[in-house]
Number of protein chains: 2
Amino acid sequence: MDQLKETLKGHHLRTTTCREDVLSTFITKKNALSHGDLEGALGENYDRVTIYRTLKTFLEKGIIHKVLDDEGLRYALCSHNCSEEQHQHDHIHFKCNACGETNCLENLSIPAVQLPAGYKPQNFNLLIQGTCPKCN
Amino acid sequence: MDQLKETLKGHHLRTTTCREDVLSTFITKKNALSHGDLEGALGENYDRVTIYRTLKTFLEKGIIHKVLDDEGLRYALCSHNCSEEQHQHDHIHFKCNACGETNCLENLSIPAVQLPAGYKPQNFNLLIQGTCPKCN
DNA sequence: AAATATTTTGCAACGCGGTTGCATGTAAGT
DNA sequence: ACTTACATGCAACCGCGTTGCAAAATATTT
């Protein structure tokens with residue numbers, strides 16, 4: 001059975017060509033994508049709104065996660081298989097100021113931070129900006 | 001001489017009532033503010049556009065900085081006197097999921113992260129979400 | 001294989017956040 | 001007080017994202 005269909009079914013989603021194409025785009029381009037990126041790649045075939053809705057359902061089902069950015073929202077594949085119930089919440093992303101790409105740094109964990117008394121942290125989001133290996 | 005006027009002059013800005021009021025709002029409310037927050041507080045007196053432009057100039061002059069958020073852009077006062085040339089770039093912000101407030105954690109420094117080879121970091125932005133002391 | 005129930009898509013329209021152009025008003029230097 | 005340079009208000013506009021609804025596609029049942 002097709003890999004894409006399998007992933008969609010695993011998250012209790014009907015397989016449609018739009019969902020397959022969006023998922024496929026996330027897999028081949030590995031960096032974080034904005035709605036505009038996807039519209040640029042697939043906009044000929046699908047309506048803007050459909051892409052928005054696809055992103056929304058993928059978010060809800062735990063297939064992708066939001067990526068914080070200083071200039072707009074992006075999305076990236078969840079590494080460990082997240083589901084609707086359980087979600088891996090800590091992320092480190094690196095944004096290259098030269099090429100503009102944002103990538104997840106999967107294997108890093110966020111070091112402990114000494115919070116002042118009374119603060120109860122639930123999840124962490126670290127955005128590091130600089131120059132990536134390709135642009136050095 | 002007035003504190004507000006002095007700060008504005010220090011950053012080479014003309015003193016206008018709008019700038020004084022926006023700056024004053026940032027000082028009294030201590031948390032990060034969105035444009036909407038400011039419009040709610042001062043909207044009777046000033047045009048939306050003027051508030052946008054005030055935020056933009058404050059950003060450029062180093063009086064405030066952007067605060068990343070999962071649902072929209074906010075701004076907060078720069079702690080150490082930043083200027084147009086020099087800017088303190090590392091920030092830790094805590095967003096309370098209960099009351100919705102976002103605050104800068106000024107005295108913390110971001111712990112070192114072991115980046116893969118080739119990545120050259122320039123600045124760090126850490127967003128921690130959870131529950132703040134007031135909402136515990 | 002055909003019929004049904006359910007979900008997804010496309011289209012149009014809308015709302016919100018933010019920006020730009022331009023004429024008027026205001027602050028600061030002489 | 002006069003002048004110059006900058007700041008404001010207004011109107012219009014753009015882009016991102018959402019919603020309602022009818023038509024199309026998917027999955028399920030017989």
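1. Two strands are taken to pair if DSSP finds at least two bridges between them; helices (H or I, at least four residues) and strands (E, at least two) are DSSP runs, numbered from the N terminus. On this basis, Gln129(A) stands opposite Asn123(B) in β5(B). Strand β5 (residues 120-131) of chain A and β5(B) pair in the antiparallel sense over 11 bridges.

2. The model is predicted: local features need pLDDT of at least 70, side-chain atom pairs count only at pLDDT 80 or more, and totals for chains, interfaces and linings use all residues. Residues are numbered from 1 along each chain as its sequence is written, while chains are lettered from A and ligands numbered from 1 in the order in which they are written.

3. Chain B and chain A each bring 26 residues to their contact (C-beta atoms, placed from the backbone, within 7 Å). On the side of chain B that touches chain A, strand β5 (residues 120-131) gives the largest share, 12 residues.

4. DNA strand D is surrounded by 20 residues (C-beta atom, placed from the backbone, within 6 Å of the strand). The closest are His35(A), Thr16(B), Cys18(B), Asp47(B) and Thr50(B). The largest share of this surface, 4 residues, comes from α4(B).

5. Around DNA strand C there are likewise 20 residues, the closest being Thr16(A), Cys18(A), Asp47(A), Thr50(A) and His35(B). Elements giving two or more residues to this surface are α2 (17-28) and α4 of chain A, together with α3 (35-42) and α4 of chain B. Here α4(A) gives the most, with 4 residues.

How values were computed
Contact = placed C-beta atoms within 7 Å.
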